[in-house]
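Dear colleague,

I am handing over a structure for you to look through. Please open it first, and then read the notes that follow it.

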Amino acid sequence: MSVRWKNSTLAGWGRFAATHARVARPERQSELDRVLSDTSASLIARGAGKAYGDAAQNGAANVANMQRLDRLLAFDAATGVLECEAGVTFRTLLDAFVPKGFVPPVSPGTAFATVGGALAADVHGKNHDRHGSFGDHVLWFDLLCADGQTRRVSPDSHSDLFAATIGGMGLTGIVRRLAFRLLPGTGHVRVETQRIADLDAFFAAFEAARANATFSVGWIDALARGAKLGRGVFETAEFAPAASVAPVAKTLPIPLDLPPFALSRLSVGAFNEFYWRRAPAQKRASSRPLDAFFYPLDRLADWNRLYGKRGFFQFQSVVPDATAFAATRKMLEAVSAAGTASFLAVLKTLGGPGRGLLSFPLRGVTLALDVPNAPGATALMAELERLALEAGGRIYLAKDALQAPASLRAGYPHLAAFEETLLRWDPQRRFASDLSRRLRIGEATP
Amino acid sequence: MKSAWLILGASSAIARAFARRVAASGADILLVARDGEDANTLAADFVLRGSPSCKAIGFDGDVAAAFRDFAQGAVPNVFLAFGSMPAQSEIDADPAALAQTLDVNFASPVALLHRLMPVLEAAPGGAIVALGSVAGDRGRLKNYVYGAAKAGLHAYLQGLRARGVRSGVQVVTVKPGFVDTAMTWGLPGMFLVAAPDAIAASCLAAVAKKRDTIYAPFFWWGIMTIIRHIPERIFKKLNI
């Protein structure tokens with residue numbers, strides 16, 4: 001049977017810079033082999049399309065949509081090791097394994113993301129200090145390589161491909177199946193919430209939480225200035241012995257794209273003010289379903305439509321501990337000075353480097369915030385990028401839509417080793433994406 | 001008493017979604033698919049999603065006997081989901097494609113269901129849920145061999161339903177509109193495309209509510225009511 005390709009327009013979650021591509025959507029493993037052999041143009045795998053930028057699109061070429069390769073294959077309750085196909089989502093992991101007493105070891109901000117995407121972006125959650133990133137829990141994966149062969153890749157077998165694929169944004173091939181360890185856990189967390197007055201207090205709270213909290217996250221009012229700069233809400237959480245499984249929260253759809261004037265400094269500022277005032281001034285504990293803590297935005301289906309047709313950018317950097325405080329202050333000053341309608345920014349600590357050559361984490365502090373695509377947005381994004389790089393940090397590829405090739409090279413010291421691995425396994429560059437072309441990955445080596 | 005489901009054509013997206021739902025409700029599942037490797041993958045998936053016992057077999061053996069043995073001690077049920085929809089032009093060009101379309105969408109399902117009905121009648125209380133198509137409601141220029149096969153299947157299911165009323169077997173005809181499956185992927189002219197899981201949910205609801213025939217999603221009833229009532233002397237000139 002021949003492969004059926006669908007002409008599609010694809011963009012990332014930020015809905016910026018959509019491009020046209022042919023998309024195949026295999027429903028069986030045998031069809032995936034034919035997808036690669038059916039074309040001589042380049043190919044990139046796409047999961048749920050939750051990366052914000054251009055990682056999972058491939059203009060004028062081909063895309064393999066992996067969402068229908070979503071079968072659970074084997075689970076060992078003694079070790080917690082799960083084998084599954086790459087299109088399995090975090091939603092499925094929660095539904096199938098919370099009743100058995102297991103949870104994903106690391107969870108990104110949306111349950112709709114796939115585990116294949118989580119591997120490709122080496123995603124982190126609110127527990128990075130404690131549990132590292134997704135790649136830290138991967139035992140092996142089956143990779144469809146450029147030569148059409150599928151190889152089982154692990155730290156012991158094809159270790160160069162292992163290091164290049166974890167965090168490698170799909171550029172080494174297509175992950176068909178993977179094995180990773182789930183962690184013992186329950187369907188509820190006990191959350192301690194506390195209002196934070198300014199950035200000093202935030203860093204002090206993180207420093208105290210780092211050693212003993214399983215989960216920690218800070219929400220910053222990115223529009224606050226002056227003495228209020230860096231104010232926000234700080235949460236730490238531990239698994240709670242809950243009696244029952246968390247019910248799936250109903251999603252509220254966003255039925256249409258909001259017009260550009262709906263989100264202004266005024267309306268978003270009012271929301272941020274409300275969010276801050278709602279949090280208790282003194283530390284207070286409450287029990288919350290895992291979903292609500294991990295994926296607060298999943299309750300709003302298609303929330304990216306809040307930003308309208310022009311879309312938005314998400315900036316996310318990590319900066320080493322030593323320079324983190326000063327750099328975060330400068331970045332927040334830049335955001336509040338620009339007056340862009342940014343909702344709550346997210347501040348988290350990361351514990352150390354990942355296992356991939358292009359893994360995002362390093363020991364430091366990560367700041368993430370939305371910037372609507374309005375006049376001045378790209379200038380602000382460039383300024384934030386400059387501040388992060390100047391402080392010895394880097395930009396997260398799962399969010400990136402704009403960074404300069406030089407910033408990638410400066411932020412990711414193992415990029416050259418990554419490119420050498422690509423040259424070895426995929427000299428014809430069968431795997432490519434809009435992101436790899438924009439960042440000129442593989443073009444520096446002569 | 002617990003249920004056992006036979007899933008015919010388990011590799012289809014609607015069958016996958018349907019089987020996951022019955023797996024989560026604790027039913028045993030015997031699945032039949034052409035691609036053996038894929039069938040084993042699906043069996044593993046259904047077990048991890050809650051099915052206490054799940055096995056995969058091919059179409060070549062005696063499916064009815066295998067299901068009779070598998071469903072011992074449970075209420076047997078059947079979900080029939082296989083089919084194929086080649087382009088009309090492909091059928092026009094190749095007599096083998098015509099024969100195959102009639103076989104896959106009509107002759108094979110009927111032969112299988114006819115062998116399975118006694119298994120269900122021996123332990124009454126179960127259901128047969130079979131996927132027909134809105135294409136079977138009226139012969140159309142663009143799709144009339146496939147439509148004719150599905151129309152034949154609909155007529156067979158009507159008779160089977162009458163037999164089942166007397167022997168305690170429910171027969172549900174499901175007529176899906178456009179569904180987001182491998183069958184419709186990349187085809188031009190698709191609109192109001194439904195998710196496979198939405199169709200699966202409608203199928204289960206139809207069983208629970210003892211429905212005879214359903215359109216899925218429901219609004220295809222309205223669309224097809226209009227299509228069925230266009231006078232033939234006009235309809236024959238329409239390019240749909």
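Predicted model: local features only at pLDDT ≥ 70, side-chain atom pairs only at ≥ 80, totals over all residues.

Strand β8 (residues 138–144) of chain A is joined to β10(A) by six bridges, and the two run antiparallel; strands count as paired if DSSP finds at least two bridges between them. Within this pairing, A:D142 has A:R177 in β10(A) as its bridge partner. Strand β6 (residues 81–85) of chain A is also antiparallel to β10(A), with five bridges joining them, and here A:V81 has A:R181 as its bridge partner.

Strand β10 itself covers residues 174–181 of chain A and is mostly covered, since six of its eight residues are buried (buried means that 20 or more other C-beta atoms, placed from the backbone, lie within 10 Å of the residue's own).

As for the whole, chain A has 13 helices and 21 strands, which are DSSP runs numbered from the N terminus (helices H or I, at least four residues; strands E, at least two). Of the 446 residues in chain A, 55% are buried.

Residues are numbered from 1 along each chain as its sequence is written, and chains are lettered from A and ligands numbered from 1 in the order in which they are written.

Best wishes

Technical notes
Buried ≥ 20, exposed ≤ 12 C-beta atoms within 10 Å, placed from the backbone.
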